[in-house]
Amino acid sequence: MTMLWLLTLAAGALAADVLDPDDCTAFPCLIFHDEFDFLDHDVWEHEITLSGGGNWEFHAYLNNRSVSYTRDSTLFIKPQLTSDWRGEAFLTSGELNVWGMNGRGSVCTSNAFYGCNRVGTATNLINPIMSARLRTLSDFAFRYGRIEVRAKMPRGDWLRPAIWMLPRYWPYGEWPASGEIDIVECRGNDRYGSINNQVCSSAMHWGPFWTQDFFDMTITEYTSDFADSFHVWRIDWTSTDIKFYLDGELKMTVDPGTNFWNFAGLDSTYDNPWVDGDKMAPFDEKFYIIINLAVGGVNGFFPDGIVANKPWENHSPHAPRDFWKGRDSWLPSWEQGEGKISEGAALKVDYVKVWKMESVIQ
């Protein structure tokens, strides 16, 4: 009995540590801490969908330990080929149904863009890549505080890693009215000018509706060896401003002044969704954490015309097919001479920590 108790205690010590912010008695107060000694499914939910992130990306988000796993106190999200799992013919003639039936971890989380069931044809392929997107939606969200993430970005053409946050309740309306906070977003490419793994960004998305997204007022880019070394991204988020740091160096401060409506120079042409919010609205509500590795997409994050051998065009109705047909140009950058997809193509996260920095109502 004693040995069993000790083993249980040891296992518990390795889990993600989540503290109710109301229990904090001194500040800063660590309210979330995960060093990824194992993949804690009590905290991290796998999104399961074929819709990617809504930009017709080329991957399916699945709960699969060949894609998302931990080792040596590190979370890995490594892309895999769907054809290695189900065979090449499956892409053009199979059916991928992820509706599920057994609850969290096995049930489709988004039916947008045919996200729960797809049938492959010669022109409209089933998602040729498998990847993962983890979120704390149901288990941890916070308003104001410090979040710090230590991570290493993947190396591989057309990979799109991101660590970011979304609102838990969407209180001001659909995206981007309720906001989005991008802690870090990168590209995996080794080449192509600024479209490479040495340039990453942090940003905030906000606006009254999706055609009015003022992220270009709240974005910063920076350069380093992101695919070669681990780096630390930090956000200090208060009721008056948001500060973005890379390796302890302040990169951007966002202070909207009176409010984000006036900051954008908006007028009565549109209705103000944040009229009843605080100064930082829409960034005055609880947000949850997301970690994902996307592939490709048609929203312009990988713009056309940047390189002669980009295997798809963003206006193509068959972009996934074109991407897959061009795999001889990008798959070697994922394999990196190993004859299989390398862990060098994986997004690696060492830890995620969140502190409550002051006595504010959560």
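Which residue does a disulfide join to C186?

Modeller: Happy to! The partner is C200, and the S to S distance is 1.8 Å. The pair connects distant parts of the chain, with C186 in strand β15 (residues 180–186) and C200 in strand β16 (residues 199–205), 14 residues apart. Strands here, like helices, are DSSP runs numbered from the N terminus (strands are E, at least two residues; helices are H or I, at least four). Before we go on, please keep in mind that this is a predicted model, with pLDDT of at least 70 needed for local features and 80 or more for side-chain atom pairs, while totals for chains, interfaces and linings use all residues. Residues are numbered from 1 along each chain as its sequence is written, and side-chain values use heavy atoms, leaving out hydrogens and water.

Let's stay with your cross-link. The torsion about the S-S bond of C186 and C200 is 115 degrees, and the link is right-handed. C186 counts as buried because its relative accessibility is 1%, and C200, at 2%, is buried as well. (Buried is under 20% relative accessible area, exposed is over 50%, and partly exposed is in between, with a 1.4 Å probe and protein chains only.)

The count of disulfides (cysteine sulfur atoms within 2.5 Å) comes to 3. Another of them joins C24 and C29, with the sulfur atoms 2.1 Å apart. That link is left-handed, at -80 degrees about the S-S bond, and both C24 and C29 are buried. There is also a disulfide between C108 and C116, with 2.0 Å between the sulfur atoms. The torsion about the S-S bond of C108 and C116 is about -85 degrees, so this disulfide is left-handed. C108 and C116 are both buried. If you count the bonded cysteines along the chain, the pattern of the disulfides is 1-2, 3-4, 5-6.

Charged side chains also connect parts of the chain. The whole structure contains 19 salt bridges (a Lys or Arg side-chain nitrogen within 4 Å of an Asp or Glu carboxyl oxygen). In one of them, the side chains of D236 and R146 meet at 2.7 Å, N to O. D236 belongs to strand β18 (residues 231–237) and R146 to strand β13 (residues 145–152), so distant parts of the chain, 90 residues apart, are linked by this pair. D236 is buried at 13% relative accessible area, whereas R146, at 22%, is partly exposed.

D350 and R150 form a salt bridge, and their closest N and O atoms are 3.0 Å apart. D350 is buried, with a relative accessible area of 16%, while R150 counts as partly exposed at 28%.

Loops take part too. D255 forms a salt bridge with K279, where the closest N and O atoms are 3.0 Å apart. D255 is in the loop between β20 (249–254) and α4 (260–263), and K279 is in the loop between α4 and β21 (287–295), 24 residues apart.

Finally, the rings. The structure has 31 aromatic pairs. (Rings of Phe, Tyr and Trp, for Trp its six-membered ring, pair if their centres lie within 6.5 Å; planes under 30 degrees apart are stacked, over 60 edge-to-face, and the rest tilted.) Among them is the edge-to-face pair of F58 and W312, at 5.0 Å centre to centre and 90 degrees between the planes. F58 lies in the loop between β3 (45–46) and β4 (59–61), and W312 in the loop between β21 and α5 (319–325), 254 residues apart. F58 is buried at 0% relative accessibility, and W312 is buried at 1%. W237 and F287 are edge-to-face because their ring centres are 5.5 Å apart and their planes stand at 85 degrees. W237 is in strand β18 and F287 in strand β21, so this pair ties together parts 50 residues apart in sequence. W237 and F287 are both buried.
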